[in-house]
Amino acid sequence: EIPKRDWSSDVCSSDLDRTHGSVHMGVGVCRLQPGGCTASFLHANEKGIYVFEGELDLRCGDVVSRLSAEDYALVPYGTVHAFRNAGNKPVRWIEMQAPQPKPAGGWQDTFFQEDFVWPAEVRAPDFGNANIQYLGHFEEKNPIINTRLGAQGLHVHRFIERNLGSQHFFMMRGVLQQGGICDHHDHPVEEF
């Protein structure tokens, strides 16, 4: 059984998982209040996060970075990670996990680690550095313009995918222009 921890100020809501019909993904919108942090843990799945608002300190393995709005990160399988909000405003992000986490009472797929001491200073990543792994900043450039499947005015930006290291999902942002349309369609993957 997963040990109970005090995850004060940590709120995840709007979760979509097997209880909503998903067979592969777990997706949720998360919020961390000022001063809030999580324990260090690892999962038997990979995780992608995309920050909507606020500043989120992310420990991912031995690297600690401060992410802000429009920043994203991939947490590979079995990588120790933790979240902290050192700011004075709530931070919100979307989180995707594949394969989706096991239901409570099932096989254990989350493992908590030793206590972690956050460094005194956490900085934003230098996204211009070619050695930065698993992190990025979203920019609305070079979209895939979808003209098939009855779509008009749909621009798709894929940013967490294999070139970032993801093996089981990709994260994208779609922009549907005013007056645009995307007709009924299907594909062999789940979409949230």
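View A. H43 is buried, with a relative accessible area of 9% (buried means under 20%, exposed over 50%, and partly exposed in between, using a 1.4 Å probe and protein chains only). This is a predicted model, where local features need pLDDT of at least 70 and side-chain atom pairs count only at pLDDT 80 or more, while totals for chains, interfaces and linings use all residues. Residues are numbered from 1 along each chain as its sequence is written, and side-chain values use heavy atoms, with hydrogens and water left out. H43 belongs to strand β3, residues 41-43 (helices, H or I of at least four residues, and strands, E of at least two, are DSSP runs numbered from the N terminus). Its side chain makes a polar contact with the side chain of T110 at 2.9 Å (a pair of N or O atoms within 3.5 Å; within protein, one must be able to donate a hydrogen and the other to accept it, and residues adjacent in sequence count only if both atoms are side-chain atoms). Setting aside neighbours within four places in sequence, H43 is in contact with Y77, G78, H81, Q97, D109 and T110 (contact means heavy atoms within 4.5 Å).

**View B. A69 in its loop.** Look for A69 in the loop between β6 (63-68) and β7 (71-75). A69 is partly exposed, at 30% relative accessibility. Beyond its neighbours within four places in sequence, A69 is in contact with V51, F52, E53, G54 and H137. P143 is 74 residues from A69 along the chain, and their C-alpha atoms are separated by 20 Å.

**View C. Aromatic pairs.** The structure holds eight aromatic pairs (rings of Phe, Tyr and Trp, the last by its six-membered ring, with centres within 6.5 Å; planes under 30 degrees apart are stacked, over 60 edge-to-face, and the rest tilted). Y50 and F52 have ring centres 5.9 Å apart and planes at 80°, so they pair edge-to-face. Y50 is buried at 7%, whereas F52 is partly exposed at 35%. F116 and W118 also go edge-to-face, with centres 5.1 Å apart and planes at 80°. Here F116 is partly exposed at 26% and W118 is buried at 15%. Ring pairs also link Y50, F52, Y72, F138 and F159 into a cluster.

**View D. R158 over F170.** The charged end of R158 sits over the ring of F170, 3.6 Å from the ring centre (NZ of Lys or CZ of Arg within 6 Å of the centre and within 35 degrees of the ring normal).

**View E. Salt bridges.** Side chains of opposite charge can pair when their charged atoms come close. The structure holds nine salt bridges (a side-chain nitrogen of Lys or Arg within 4 Å of a carboxyl oxygen of Asp or Glu). One joins R66 and D57 at 2.7 Å, N to O; R66 is partly exposed at 22% and D57 is buried at 0%. Another joins E114 and R59 at 4.0 Å, N to O. E114 lies in the loop between β10 (110-112) and β11 (135-137) and R59 in strand β5 (residues 55-60), so this pair ties together parts 55 residues apart in sequence. K141 and E139 also form a salt bridge, with the closest N and O atoms 3.7 Å apart; K141 is exposed at 52% and E139 is partly exposed at 46%. Shared partners join D57, R66 and R84 into one salt-bridge network.
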